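User: I am new to this structure and would like to work through it by question and answer. Please show it first.

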Amino acid sequence: MPYPDRFYPVVDTIAWLKRLTALGVGTVQLRAKDLDDAAATILFREALAVTAGTSTKLVVNDYWRVAIDLGARHLHLGQEDLADADVAAIRRAGLTLGLSTHDDEELEVALRAKPDYIALGPVFPTTLKSMRFAPQGIPKLTTWKKRIGDIPLVAIGGIKLEQAAEIYAAGADSIAVVSDVTQNSDPDTRVRNWLGASAKAA
């Protein structure tokens with residue numbers, strides 16, 4: 001399978017990680033903010049135990065030192081996190097590195113780090129967190145993909161299953177999904193439908 005998988009949920013609890021792992025989701029990012037390193041170590045040690053021996057790849061958001069210490073394999077950083085991170089140490093530890101981008105300046109910063117994928121967002125308005133960047137829109141995905149070439153492009157921000165085909169067609173290699181799963185009244189069915197849609201687009 002490609003990395004990250006075409007369907008890429010982002011969740012904030014071990015409970016969600018367990019649920020998605022049981023459903024056979026290939027790539028899941030665990031994003032928990034404002035933890036100290038001790039608390040993050042406890043959380044991600046449990047997360048790695050959940051995914052051990054399964055087909056699910058765990059992506060650690062933000063806590064790069066913890067990811068290195070625990071022997072994690074996949075890491076995602078925002079721009080603020082990237083500014084403080086030791087990219088050389090991350091690479092020496094063998095971690096894959098995904099980076100968030102929101103505008104041209106951030107894309108240039110990300111490309112200098114030679115990431116394993118680049119995320120662009122928010123594609124649509126999102127209610128989960130306040131964003132200082134306006135929605136990018138679907139055409140921006142096509143522009144971004146032309147600029148980054150063979151680097152996988154992850155679309156994120158307010159994306160629903162019904163928009164998936166158009167997002168993939170615009171150039172996204174992967175779609176990161178948050179509220180369309182976690183706020184759905186039947187998340188298990190929604191995940192299965194996402195997996196089906198992403199397989200068709202592969």
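**Charge, fold and local features**

Analyst: To begin with charge, the protein carries 23 positive and 25 negative side chains, and 4 Å separates the centres of the two sets. The model is a predicted one.

User: How many helices and how many strands does the protein have?

Analyst: The elements counted here are helices of at least four residues and strands of at least two. By that count the protein has ten helices and eight strands.

User: What is the radius of gyration of the protein, and why is the protein called as compact as a globular protein of its length?

Analyst: For 202 residues the globule rule gives 17 Å, and the value of the protein is close to this, so the protein is as compact as a globular protein of that length. Along the principal axes, the C-alpha atoms fill a box of roughly 40 × 40 × 30 Å. The radius of gyration itself is 16 Å.

User: What percentage of the residues in the protein is buried?

Analyst: A residue counts as buried under 20% relative accessible area. Of the 202 residues, the buried share is 51%.

User: Among contacts with a separation of 6 or more, what percentage joins residues 24 or more positions apart?

Analyst: A contact requires heavy atoms within 4.5 Å. Among the contacts with a separation of 6 or more, the share from residues 24 or more positions apart is 53%.

User: Which geometry does the pair of Tyr3 and Tyr117 have: stacked, tilted or edge-to-face?

Analyst: The protein has four aromatic pairs. In the pair of Tyr3 and Tyr117, the ring centres are 5.9 Å apart and the planes stand at 65°. Planes over 60 degrees apart count as edge-to-face. The pair is therefore edge-to-face.

User: How many residues apart in sequence are the parts that Tyr3 and Tyr117 tie together?

Analyst: Tyr3 and Tyr117 are both buried, and together with Tyr8 they form one aromatic cluster. Tyr3 belongs to the segment before β1 (7-11), whereas Tyr117 belongs to strand β6 (residues 117-120). Because of these places, the pair ties together parts whose separation in sequence is 114 residues.

User: Which geometry does the pair of Phe44 and Tyr63 have?

Analyst: The ring centres of Phe44 and Tyr63 lie 5.9 Å apart, with the planes at 50°.

User: How many residues apart are Phe44 and Tyr63, and where do they lie?

Analyst: Both Phe44 and Tyr63 are buried. Phe44 is in helix α2 (residues 37-51), and Tyr63 is in the loop between β3 (57-61) and α3 (64-70). The pair thus links distant parts of the chain, and the two residues are 19 residues apart.

User: Is Ala47 buried or exposed, and which residues is Ala47 in contact with beyond its neighbours within four places in sequence?

Analyst: Ala47 is a residue of helix α2. Its relative accessible area is 0%, so Ala47 is buried. Its C-alpha atom is 8.2 Å from that of Leu30, which is 17 residues away along the chain. Beyond neighbours within four places in sequence, the contacts of Ala47 are Ile14, Leu17, Leu30 and Leu58.

User: Which residues is Ala85 in contact with, leaving aside neighbours within four places in sequence?

Analyst: Ala85 sits in the loop between α4 (79-84) and α5 (87-92), and at 17% relative accessible area Ala85 is buried. Ala85 and Trp64 are 21 residues apart in sequence, yet their C-alpha atoms are 7.2 Å apart. Leaving aside neighbours within four places, the contacts of Ala85 are Trp64, Leu77 and Ile90.

User: Is the peptide bond from Gly121 to Pro122 cis or trans?

Analyst: Most peptide bonds are trans. Pro122 is placed in the loop between β6 and α7 (138-148). With omega near -10°, the peptide bond from Gly121 to Pro122 is cis.

User: What is the value of phi of Asp34?

Analyst: Most residues other than glycine have a negative phi. Asp34 is in the loop between β2 (27-30) and α2, and its relative accessibility of 80% makes it exposed. Phi of Asp34 is positive, near 60°.

Technical notes:
Residues numbered from 1 in each chain as written. Predicted model: local features only at pLDDT ≥ 70, side-chain atom pairs only at ≥ 80, totals over all residues. Heavy atoms only, no water. Rg over C-alpha atoms; globule rule 2.2 N^0.38 Å. Buried < 20%, exposed > 50% of the residue type's maximum accessible area, 1.4 Å probe, protein only. Lys, Arg positive; Asp, Glu negative; His and termini not counted. Charge placed at Lys NZ, Arg CZ, Asp CG, Glu CD. Phe/Tyr/Trp six-rings, centres within 6.5 Å; stacked < 30°, edge-to-face > 60°.
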